[in-house]
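Hi there,

Here is the model I promised to pass on.

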Amino acid sequence: MANGNAARGLVPLRHKNGAPYNGACTRYYVGTGETNNLFVGDPVIVSGSGDAAGVPGVVLATAGATNYLTGAIVGIESLTPTAILTNYHVGATAGYVLVADDPDLVFEIQEDGLGAPLAVTDISENADLIAGSGSTYTGSSGWQLDSSTHGTGATKQLRILGLEQRPDNAIGIYGKWLVEINLHSQRNATGV
């Protein structure tokens, strides 16, 4: 069975201890300096700044970079109630995003299908993310796991935990994998 190509970025599923993900998230500020559109499932990093009330800020992560991820966007919030409502955050506008930022979350993510697909022997290895275009129609992220980067490098963004077990998913191109954030901002002892 061929896997469908339906990238959605990082989708939180459960905690590492087996508890289900209950929708818990943290509100983060996105300033006008973030020129990228932001979509549900996009990975973000803390910006080192925040809004005037002290709400911490985030910006879109960089694919393959050795930066500490904060989490994945799970919701979009407009800055003002009169703003045009969209299902994604429009770049270069101020607003807020809701981020699943618990360092013990397990996410589902699709592999990119470029090169050789991941194999069962790649479980417990690390890999980087690869950027993809989000959909302004669905509001979903286009980010994926970069299958060509898997290995044992400690500076890779994700840890591969296993294949998501469901009937419409198999090992191969566009497989949906369970991952955790390997480089999490809340686990960086030096601060970010």
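**Salt bridges**

Arg8, Glu108, Arg166 and Asp168 are joined in a network of salt bridges, a salt bridge being a side-chain nitrogen of Lys or Arg within 4 Å of a carboxyl oxygen of Asp or Glu. Before going further, please note that this is a predicted model, where local features need pLDDT of at least 70, side-chain atom pairs count only at pLDDT 80 or more, and totals for chains, interfaces and linings use all residues. Residues are numbered from 1 along each chain as its sequence is written, and side-chain values use heavy atoms, with hydrogens and water left out.

Helices (H or I, at least four residues) and strands (E, at least two) are DSSP runs, numbered from the N terminus. Arginine 166 also meets aspartate 168, at 2.6 Å, N to O.

How exposed are these residues? Glutamate 108 is buried, with a relative accessible area of 6%, while arginine 166 is partly exposed at 28% and aspartate 168 is partly exposed at 46%. For the cut-offs, buried means under 20% relative accessible area, exposed over 50%, and partly exposed in between (1.4 Å probe, protein chains only).

The structure holds six salt bridges. One of them is between lysine 16 and glutamate 180, whose closest N and O atoms are 3.1 Å apart. Lysine 16 lies in the loop between S1 and S2 and glutamate 180 in strand S11, so this pair ties together parts that are 164 residues apart in sequence. Lysine 16 is partly exposed at 44%, whereas glutamate 180 is buried at 10%.

**A buried aspartate**

Aspartate 112 lies in the loop between S7 and strand S8 (126-130). This residue is buried yet has no salt bridge, and the nearest side chain of opposite charge, lysine 176, is 12 Å away; Lys and Arg count as positive and Asp and Glu as negative, with His and the chain ends not counted. A polar atom of the aspartate 112 side chain does lie 3.3 Å from the backbone nitrogen of leucine 114.

**The cavity**

There is one cavity of 30 Å³ or more, and about 40 Å³ of space lies in the largest cavity. On a 1 Å grid over the protein atoms alone, a cavity is a set of points where a 1.4 Å probe fits but cannot get out, and lining residues have an atom within 4 Å of a point. Grid points are joined across faces, edges and corners, and a volume is the space filled by probe spheres set on the points.

The lining consists of Ala6, Arg8, Gly9, Val11, Glu108, Ile109, Gln110 and Lys176. Strand S7 (residues 105-110) gives the largest share, three residues.

**Backbone notes**

Most residues other than glycine have a negative phi. Serine 124, in the loop between S7 and S8, has a positive phi near 80 degrees and counts as exposed at 54% relative accessibility. Tyrosine 174 has a positive phi near 65 degrees, sits in the loop between strand S10 (158-163) and strand S11 (176-181), and counts as partly exposed at 23%.

Best wishes

Note on methods:
1 Å grid on protein atoms, 1.4 Å probe; cavity = no way out; pocket = protein on both sides within 12 Å on 5 of 7 lines; lining within 4 Å. Polar contact = N/O pair within 3.5 Å; in protein donor to acceptor, adjacent residues only side chain to side chain.
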